[in-house]
Amino acid sequence: MADPFLYNTGERSHYGCLGHEVQIDYLKAYVCRPSFSTDKAVIVAHDVFGWQFPDIRYIVDLIAGHGYITICPDFFKGTKPWTSTDHWADFPDWMKNHDPMKVDKEADVVLKYLKEQCGAKKIGIVGFSWGGMAVHHLMLKNPQLAAGVSLYGIVRDSEERYSLLNPTFFIFGEKDHTISLDQIFLLEDKLKQYCKVPYKIKVYPGQVHGFAQLKPEDMKPDDKPYIEEARRDMIDWIKMFV
């Protein structure tokens, strides 16, 4: 199996985080708050590299800077995330123990924390890759989530995958070799048939899997406009519905 990331995750610049880690029930989580009081929050569902990956923490801080209590829980519950030195031949076995469709309990724990400890009244969710699949799942199952953004979550086709409960935005890269354009067209076609709430699908030219979570210093000049556009679009969707 080919590495789905064009960028070497082992050669990223260091990132100094703005938030802090907390313990919520049995979960660890990274939280960043805006500079002012708010009752709006966003959950960030990390990718295969886990809740401590610097790129994900950068995204948490970025969203918090737009006025949301932002939290990234460890959806892997303390188990080892995927690393850039692992062998992709082992990835299917690893995924069996890290199923993005089995995140309901963790989502409920985090939602309870945000409401009871942080005073959140409206909560959205964004997720990247593995987390994008988790977002797609949760937007079908959890009505407490006011809106979702799924970034390059692999599209799984079944009749139960399209009746979204609340507004959901799907972001893809044109050159993502883990998600074909045919899969994206299928998703669009099925959502037209079954979806009763606002949704959006957007494909960013020339972009590969993982493009939207790069820190500024890790961006390639040709990709930067599309990365920044995807980030703006993500924030705009959250602002519209959360």
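Contact here means heavy atoms within 4.5 Å.

## What you are looking at

This is a predicted model, in which local features need pLDDT of at least 70 and side-chain atom pairs count only at pLDDT 80 or more, while totals for chains, interfaces and linings use all residues. Residues are numbered from 1 along each chain as its sequence is written, and side-chain values use heavy atoms, with hydrogens and water left out.

## Overall build

The protein has six helices and eight strands; these are DSSP runs, numbered from the N terminus, with helices being H or I of at least four residues and strands E of at least two.

Along its principal axes, the C-alpha trace spans about 45 × 40 × 35 Å. Of the 242 residues, 56% count as buried, where buried is under 20% relative accessible area, exposed is over 50% and partly exposed is in between (1.4 Å probe, protein chains only).

## The sheet

Eight strands form an open sheet with mixed pairing, in the order β1-β2-β4-β3-β5-β6-β7-β8. Two strands pair if DSSP finds at least two bridges between them. β1 (20-24) and β8 (199-204) sit at the edges with a single partner strand each, so one side of each is left without a neighbour in the sheet. Neighbouring strands are turned by 20° against each other on average, direction ignored. (Axes are lines fitted to C-alpha atoms, for helices over the stretch in contact, and angles run from 0 to 180 degrees between N-to-C directions.)

Helix α1 (residues 54-64) lies across β1, β2 (27-32), β3 (40-45), β4 (69-73) and β5, at about 50° to β2. Helix α5 (residues 181-194) packs on the sheet too, touching β7 and β8, and its direction makes about 165° with that of β8.

## Strand β6 and its partners

Strand β6 (residues 145-151) is mostly covered, with seven of its seven residues buried. On one pairing, six bridges join β6 to the parallel strand β5 (residues 122-128): V126 has V149 as its bridge partner, and F128 stands opposite L151. β6 also pairs in the parallel sense with β7 (residues 168-173) over four bridges, and there G148 stands opposite T168.

β5, helix α4 (residues 130-141) and β6 make a right-handed β-α-β unit. Right-handed means that, with the strands pointing away from the viewer, the path from the first strand over the helix to the second runs clockwise.

The largest nonpolar core has 85 residues, and I43 and L114 have the most contacts inside it. Such a core is a set of buried Ala, Val, Leu, Ile, Met, Phe, Trp, Tyr and Cys residues joined through side-chain atoms within 4.5 Å. Leaving aside neighbours within four places in sequence, I43 is in contact with residues including I71, F75, L114, V126 and L145.

L62 is in helix α1 and is partly exposed, with a relative accessible area of 23%. Not counting residues up to four places away in sequence, L62 touches R231 and M234.
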